[in-house]
Amino acid sequence: MRWWQIRKRDKDVERELQSDLDLEEEEQRERGVSPEEARHAALRAFGNPTLISEQTRAVWSWTWWENLLRDFRIGTRTLFRSPGFSIIAIIVIALCIGATTSLFTVVWSVLLRPLPFRDPDRLVMIYEHFRDPRMNSQQFNYNAVAPADYYDWRAQTHGFEDLAAWRYWQFNLTGEHGELPELVQARGGSWNLFPLLGVNAAIGRTFTQSEDRPDGDAVMLTWNLFERRFGADPSIVDRQIHLDGKPYTVVGVLPKSFTYPDANVEVWVPFASGLPPDILAHHDYHFARVVAGLRPDVSLDSALSQVEAVQYQEHLQNLHAPVAEDVAPKTLIEDLAQNVKRPLIILLGAVGCVLLIGCLNVANLMVARSAARQKEIAICSALGAGRTTLIRVQLIESFLVSMAGGIVGSLLSASSTNWLARTWIELPNPQSIRADAVVLAFVSALVLASAMLTGLVPAITSTSKRAVAALQAASRNVAGSQSRTALRKTLLTVEISATVVLLIAAGLLLKSFWRLRTTDVGCVTDNVLTMGYSLPTNKYDSADKVNAFNETLLERVRSMPGARAVALGSVVPGDGHGGDDAFTISERPPIAPGAPMPDALYRRADPEYFSALGIPLLSGRFFTNQDRAGRPRTVIISRLLAQQYFPGEDPLGKHLHIVPYGNADYEIVGVVADTLYQVGQPAKPTMYYPILNGESDRALTLAVRTIADPLSLSVPIQKQIAELDPQLPVHDVLTMDQIIEQSLGNASLSASLVLAFALLSLILASVGLYGALSYLTTQRTGEIGVRMALGAQRREVVHLMLGDGLRPALYGLAIGLAASVGTVRLIQSMLYGTGPLDPAVFACVAASLLLVACIACLVPAWKASRIDPMQALRNE
Amino acid sequence: MEKRAQPRANLLQGTLDMLILRTLLYGPAHGHQIGKQIQRTTNDFLQMQHGSLYPALHRLEQRGWVSSKWEMAPDRNREFKYYRLTDKGRKQLVVEESQWKRMAEAVARVMWPTAEES
C-alpha cells in the first residue's frame with residue numbers, strides 16, 4: 001500500500017470515529033444532558049479515541065511499518081535530546097565493536113576462511129609421527145617427511161588422489177648486468193603440487209614431471225618478485241635468471257593470489273631440483289612437507305592407514321636411523337596458523353569480554369536514564385501506550401546507539417585490522433586479511449546482539465507495572481528504585497568479574513613477557529651486529545675456496561676500528577632452531593634397533609665463535625685454526641649434551657658419530673655452556689662442528705661485537721663483503737637485541753593487547769561503579785537527610801554508601817577470581833616462567849581492582865556525606 | 001456509574017464478528033448504530049467496547065465480508081460511514097452461525113445432560 005493510501009486510510013478512521021463520537025454526544029444532549037456533561041459522557045462511553053483509532057489502524061497490516069518509522073523518529077529525537085549520554089554510549093559501543101570486528105576479521109581470514117585452492121576441504125598435510133612420548137615432547141610428533149618416505153608413500157598407496165611435497169630453500173639471486181644481488185626465499189615444490197592445489201600459472205606454465213629431477217633448471221616466480229624485480233614484464237618467461245650463480249629458466253609466474261605457504265616466498269623450483277640424488281633416497285633427512293588430496297570415495301582414515309602401513313615398513317627397514325613409525329595428519333590451515341591459533345583465540349575471547357563489559361556498561365547507563373525518565377514513561381503508559389510499544393521504543397533507542405556504534409566501529413576496525421596485520425609478524429598471510437561479506441554479517445549480528453543486550457534488560461524493568469506508581473505525588477517509590485538498583489548492581493558484578501578475568505590474563509601474559517624479555521640466552525647480546533650470507537656452491541666449489549673467503553673476511557672485519565670481536569657460525573643463539581641431527585657415541589655399543597636415537601642441535605663455529613660471543617668453556621679447548629679439512633675431525637658439545645649422554649664420565653676424547661657430511665667419527669675436544677636456541681624454549685643439547693673443516697652448509701651468520709652502536713658498522717662490513725665478492729648478497733642485518741625482540745613478537749603483542757583490553761574494561765567498570773553509586777546517592781538523598789537529622793555522623797554516611805558501592809565490587813572480584821582459576825588454564829601454554837595461578841598476579845589484580853573501586857565509590861560517598869539534611873528533607 | 005451494577009458478559013472470542021454480521025442483515029448501519037443495536041437487543045447485557053468494535057469492523061472489511069461507504073444519514077443531515085453485508089459476508093454468517101449452534105449444543109449437552117435425554 002502506498003503512503004498516500006495510508007494517509008487516506010488514517011483520515012478515514014479519524015473521521016469515522018469522530019462522526020460516531022459526535023453522534024454519541026448529540027444523543028446524550030438530546031436526552032437533556034448539559035453540553036459539557038454530554039461531551040464527557042460520550043467520551044466515557046466511547047473510551048480512549050486515540051487508542052481506538054490506533055487499534056483500528058493496526059488491523060491494516062501496514063501499521064507495523066508505520067509504527068516502526070514513528071518509533072525511529074522518537075528514538076532519534078530522544079537520543080539527540082541527551083547528546084552526552086548518546087555520545088558516550090556510541091563511543092563505548094564503537095570501541096568494543098571495532099576491536100571485536102578487527103580480531104574476528106583476523107581469525108576469520110587466518111583460521112576459518114577456506115584457502116583459495118580447489119576443494120580445500122580435501123587437502124591435508126601428512127607428517128611423520130614418532131610413537132615414543134619422549135620424542136613427542138621434543139615436537140617430533142609432527143616431523144617433516146624424509147624425501148624417500150614421501151616417494152614411497154606416493155608410489156605405494158592409492159588412498160589419496162595425489163601426494164605432493166614442498167621444501168624450504170633460499171637462493172642468491174644475481175643479475176647479469178650488475179643489479180644488486182639479493183637473497184630470495186624459495187620453495188621446492190613437486191611438479192604435481194600446483195595441479196593438486198588447483199593453481200595455474202598466471203603467465204607461462206607450472207612445472208612438468210621431467211623438470212622435477214636433481215639437475216632440473218626450471219623456476220617459477222611469485223607475483224611479488226615478478227613485479228618488484230622484473231617490472232611485471234611478461235617477456236621474462238622463457239628467459240634465464242641466475243640463482244646461486246647457476247642459470248635457471250623461468251617457466252612461469254604464479255598468480256598474485258597465490259601466497260602459499262607464506263607471502264615471503266619469491267621463487268619456486270621443482271622439489272628435486274638442486275638436491276644431491278643420495279639425499280632424495282634418504283629416510284632420515286626430514287625436510288619435506290607433504291600435501292595430500294583426498295579422493296572423494298576414500299575416507300581420510302583409510303587413506304592414512306595405507307600410508308601408515310608403508311611408513312611402518314620403512315621404520316622396520318631402518319631401525320638404526322630416526323625413521324618414524326607412524327604418520328599424523330593436519331589441516332592446511334592449522335599447519336599455517338599453528339603459531340598464532342592460540343593467541344588469536346585468546347585475544348578474541350578477551351575482546352569478547354570487553355564487548356560484554358561495554359554492553360553491560362551501556363545497559364547500566366540506560367537503566368540509570370530510564371530511572372530519570374520514569375515519569376515520562378508513566379505518562380506514556382497512562383495515555384494508552386502498550387508495554388510492548390514502550391519496550392519497542394526503548395529497544396529502538398538502543399538499536400540506534402548500537403547501529404551508530406557499529407558504523408563508527410567498523411570504520412575504526414578497518415584501520416586497526418590493517419595495523420594488526422602489519423604488526424603481527426607471525427600471521428601466515430597478512431594480505432589475505434580483509435573484511436568480506438562474512439565479516440559484514442558478523443558486524444550486523446554484533447550490532448543486533450549489543451542492541452538486545454543494552455536495551456532489553458532496562459526496557460523490561462523500566463516498563464514494569466510499577467511504573468505508574470511514579471506518577472503518584474511522592475516520588476519515594478522505594479520498591480521500584482530498589483529493584484532497579486539491584487539490577488544495576490548485578491550488571492556491575494558481572495562487569496567486574498569479567499574485568500578481573502581479563503586483568504589476570506593480562507597480568508600473567510605481561511609477567512611471562514617480562515620473564516622472556518629478561519631471559520639470559522647464554523651469550524653476549526649487547527652491541528652485537530649479525531648478518532647472514534651464503535656462499536654459492538658452483539663458485540665456491542671446494543673447501544679451500546670457502547675457507548679462503550671466510551678467513552679473509554674475518555681478518556678484515558677484525559681489523560676494523562670499532563669491532564671488538566668477531567664470530568662466524570651457522571646460527572647465533574636466540575635465532576631459532578637452525579637444524580638438528582641424530583648421532584651415536586662411538587665408544588658405546590650400538591643402540592638397540594628401534595630405540596629412539598640421541599639427537600642434538602647442529603651448529604658450526606669458527607675458532608673465535610665462543611670467545612667472541614662470551615660462551616664460557618667448561619672443559620677441554622675451543623677450536624683452533626688447525627681444526628680444518630684434512631686434520632682429525634673434532635666437535636665441541638654443550639653442557640646439556642655432556643650431562644645427558646655422558647653422565648658421570650669425562651666426554652673429552654670420546655667420539656660422536658654422525659651420518660651426514662661424511663659418515664665419520666668426531667672427537668669431543670671441548671664442553672661449552674648452554675645457550676638458548678630460542679627465548680622461551682628450554683635449552684637443547686647442542687653440538688658444534690668447526691667451520692673450517694669444509695663440510696656442508698654454506699649458510700653462515702657473521703656476528704660482530706662492537707665497541708659502540710653496532711648498526712654503525714653495518715655498512716662498512718657490507719662494503720668489505722661486496723669487495724670480496726660483489727655477487728654475494730647479505731641478508732638479515734640485525735643486532736642480537738633485534739633478533740631476540742623479533743622472536744618475542746607474538747608474546748609482546750598479545751600481552752600488550754590483552755593489557756589494553758583489560759585496562760579499557762577496568763575504566764568501563766569503574767565508570768559504571770561511579771555511575772551506579774551516584775545514582776544511588778541521588779535516590780537516597782531523602783533517607784540520608786533523615787539519618788543525618790537523627791544524628792548520623794558524616795563518617796557513618798560515607799561508610800554506609802561505600803559499603804553499598806563496594807559490595808558489587810567485592811562480589812565481582814570473588815566471582816572473577818574463581819572464574820580466572822578456570823580460564824587461566826587456556827593460556828597456560830602461552831605462559832613462560834610463571835604458573836597459571838601465580839599468587840603475585842592474583843594479589844596485584846585484586847588489590848588494584850579494589851583500589852580503583854574505592855576511588856570510584858569514594859566521590860559519590862563523600863558527596864552523600866555532604867548532603868544538607870534541611871535541604872534534603874525540604875525536597876521531600 | 002450505575003451501569004457497573006448490571007450483569008455484563010465479555011464476548012467470547014470470535015463471536016463479535018458473527019454478531020456484527022447478523023446485525024447488518026437488517027440493512028446498512030454505521031459503527032455507532034451497530035454497537036447500540038447489539039447493546040439494546042441484549043438489554044445491555046453485552047456491553048459494546050468501542051476498542052474492539054472498530055477494529056472488528058475494519059477486519060471484516062479487510063476480509064471482504066462487509067463493504068463501507070460514506071453516506072448521508074436520513075435523520076442527522078451529515079455523513080456517516082455505513083457498512084453493508086457483501087455476498088461473501090452472507091455466506092460467512094451462515095458458516096459462523098452453524099458453528100455457533102454446534103458449539104452451543106455441545107456445551108448444553110455437557111451442562112444439562114438429563115434435559116437432552118428426555
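Predicted model: local features only at pLDDT ≥ 70, side-chain atom pairs only at ≥ 80, totals over all residues.
Two strands count as paired when DSSP finds at least two bridges between them, and helices (H or I, at least four residues) and strands (E, at least two) are themselves DSSP runs, numbered from the N terminus. Residues are numbered from 1 along each chain as its sequence is written, with chains lettered from A and ligands numbered from 1 in the order in which they are written.

Strand E21 of chain A covers residues 699-706, and seven of its eight residues are buried (20 or more other C-beta atoms within 10 Å of a residue's own, the C-beta atoms being placed from the backbone). Its pairing with strand E11 (residues 528-534) is antiparallel, over seven bridges. Strand E12 (residues 563-569) also runs antiparallel to E21(A), joined by six bridges, and here Ala567(A) faces Ala703(A).

Now for some helices. H18 (residues 543-558) and H21 (residues 714-724) of chain A pack at about 145°, their axes 10 Å apart; axes are lines fitted to C-alpha atoms over the stretch in contact, and angles run from 0 to 180 degrees between N-to-C directions. Phe549(A), Thr552(A), Leu553(A), Arg556(A) and Val557(A) of H18(A) meet Ile717(A), Gln720(A), Ile721(A) and Leu724(A) of H21(A), where contact asks for C-beta atoms, placed from the backbone, within 7 Å.

Moving on to chain B, three strands form an open antiparallel sheet in the order E1-E3-E2. Strands E1 (29-30) and E2 (66-72) each have a single partner strand, so one side of each is left without a neighbour in the sheet. Two bridges link E1(B) to strand E3 (residues 79-85), and Ala29(B) sits opposite Tyr83(B). In helix H2 (residues 31-41) of chain B, the buried residues include Gly31(B), Ile34(B) and Ile38(B). Just after H2(B), Asn43(B) adopts a positive phi of about 55°.

Finally, where do the chains meet? In total, 15 residues of chain A are in contact with 13 residues of chain B. Helix H1 (3-30) and helix H3 (49-59) are the elements giving two or more residues to chain A's side.

How values were computed: Contact = placed C-beta atoms within 7 Å. Buried ≥ 20, exposed ≤ 12 C-beta atoms within 10 Å, placed from the backbone.
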